[in-house]
There are 2 protein chains.
Amino acid sequence: MQQNASKNVLVVSAHPEPRSLNAALTDFAVDHLRAAGRQVRVSDLYAMKWKAGVDADDFPDHPADERLDVLAGQERATLAGRLTADVAAEQEKLLWSDALVLQFPMWWFSVPAILKGWIDRVFTNGFAYGPSVPPPYSEGALGGRRALLSTTVGARETAFSDRGIHGDLESVLHPLQHGLLWFAGIQPLEPFAVYGTVDLPEERFAAAKEAYARRLDALFTAAPVPYRSLTGGDYDHAMRLLPGREAPGTRGLDLHRR
Amino acid sequence: MQQNASKNVLVVSAHPEPRSLNAALTDFAVDHLRAAGRQVRVSDLYAMKWKAGVDADDFPDHPADERLDVLAGQERATLAGRLTADVAAEQEKLLWSDALVLQFPMWWFSVPAILKGWIDRVFTNGFAYGPSVPPPYSEGALGGRRALLSTTVGARETAFSDRGIHGDLESVLHPLQHGLLWFAGIQPLEPFAVYGTVDLPEERFAAAKEAYARRLDALFTAAPVPYRSLTGGDYDHAMRLLPGREAPGTRGLDLHRR
């Protein structure tokens, strides 16, 4: 029973320097989760020399002289169990996991290229979405899982606040929170960010670890972002939010939160 | 005079298949721009085998046993003229250009990893932003240039409309339009998207090319997205929009458009 009650967490980390803040936060998360009785596996993408680019080499059965249709090629290889070993291993880790933690430096308002390449190559048609799995935005393909984005940001927090010039953090991360995770059926929590990391003195690093610990402790209990389900009756057949579903005055990306 | 009046366009393309829709749209754009008298250079990232991941190899002067601080390393190498040859060549093309066209398939609501890697490695601290260049969001570092994102999207257009479940296209592309381009001082135009590309019959392909041609013809005349300038008096010292600057009822990312 004790074992069944335990939860599995996959931590994906994306920084080239093993002595970086991101590496330290990854180590901290792994230790903290294990101390709390979680099973933890880590994908350290730089250490793994993760291949970032989707190309024909991803599809061993693809005839070299045939035009590569990426979506169709992914689906065929996924359903036939003929993905490359590196991609198959990451999919197995995702299926094993109850929660996913992505630890990364925010580069150009998104993930580093190597992590985008993990997303592009692992979240295949046929695995994370597509006609052969349940519908998107519905706890379908990878439902029953949660995710926490944990990012380090050079800028100060005010610049990512509601009126901050970079855009509010939730909107900036929408392509990942809603577009990647929730699309695949994974429930994202509010992201965790450490700001002002260009120069992070020891006391702010200690405070960041403490705040991160509280977020990790709540990985399976905190309320996820209340995104709407595609199949819950809020959207029409053209995938538009039906009139009158939102609170008056709601605009833009906030429309898609209940 | 004729020669001075001519404009330079850098087209960056990111698809692994030379017979893909994206490759066809790239070829079309290049031919169309040249026929209109533009000087055009192309960075075909897959053909160039572009290295996607930022790592210590990007900084030839970095001592192997020293901790790599990516931001500081980029700035030092940029200011010293000691970036790798591949990155320096792309920066030279950007400086040569009057406009930038990014042609890519939308993968996971963003650019493919190889294009993210072009962004991460080419838009260095010291070149596209940072203390040694003019302030961001101000036609500073790369000011005087325009950009057009041209993307192919598997989903239908309604799903990216104002009430579409994926989020409206402008919000989904905010990290690129505002976060990358405008941050570096480049004025983005409204993005160009071809939707429903999973199956694109010949007549829709022809219509897409015609629509693309009109956008390319207006590359130097269309009004750019009216993003606010950081230095124009709309933001406080903490980079938050000052109260009362927006039209009543404006919310979220729209706050940052004039």
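Me: How do the axes of helix α5 of chain A and helix α5 of chain B cross, and within what distance do they come?

Reply: In this predicted model, the axes of the two helices (residues 113-122 of each chain) come within 8 Å and cross at roughly 175 degrees. Axes are lines fitted to C-alpha atoms over the stretch in contact, with angles from 0 to 180 degrees between N-to-C directions. Helices are DSSP runs of H or I, at least four residues long.

Me: Why is α5(A) called roughly antiparallel to α5(B)?

Reply: Angles over 145 degrees count as roughly antiparallel. The crossing is at roughly 175 degrees, so α5(A) is roughly antiparallel to α5(B).

Me: Which residues make the contact?

Reply: Ala113, Lys116, Gly117 and Asp120, from chain A and from chain B. Contact means C-beta atoms, placed from the backbone, within 7 Å.

Me: What makes four of the contact residues charged?

Reply: Asp, Glu, Lys and Arg count as charged; Ala, Val, Leu, Ile, Met, Phe, Trp, Tyr, Cys and Pro as nonpolar; the others, Gly among them, as polar. Lys116 and Asp120 take part from both chains. The contact has two nonpolar, two polar and four charged residues.

Me: How many residues of domain 1 of chain A are in contact with domain 2 of chain A?

Reply: Ten, against eight residues of domain 2. That side of domain 1 has six nonpolar, four polar and no charged residues. Domain 1 is 2-227 and domain 2 is 228-258, bounds from an automatic or database assignment.

Me: What do the numbering and confidence limits rest on?

Reply: Residues are numbered from 1 along each chain as its sequence is written, and chains are lettered from A and ligands numbered from 1 in the order written. Local features need pLDDT of at least 70, side-chain atom pairs count only at pLDDT 80 or more, and totals for chains, interfaces and linings use all residues.

Key. Contact = placed C-beta atoms within 7 Å. Parallel < 35°, antiparallel > 145°, perpendicular 65-115°, else oblique.
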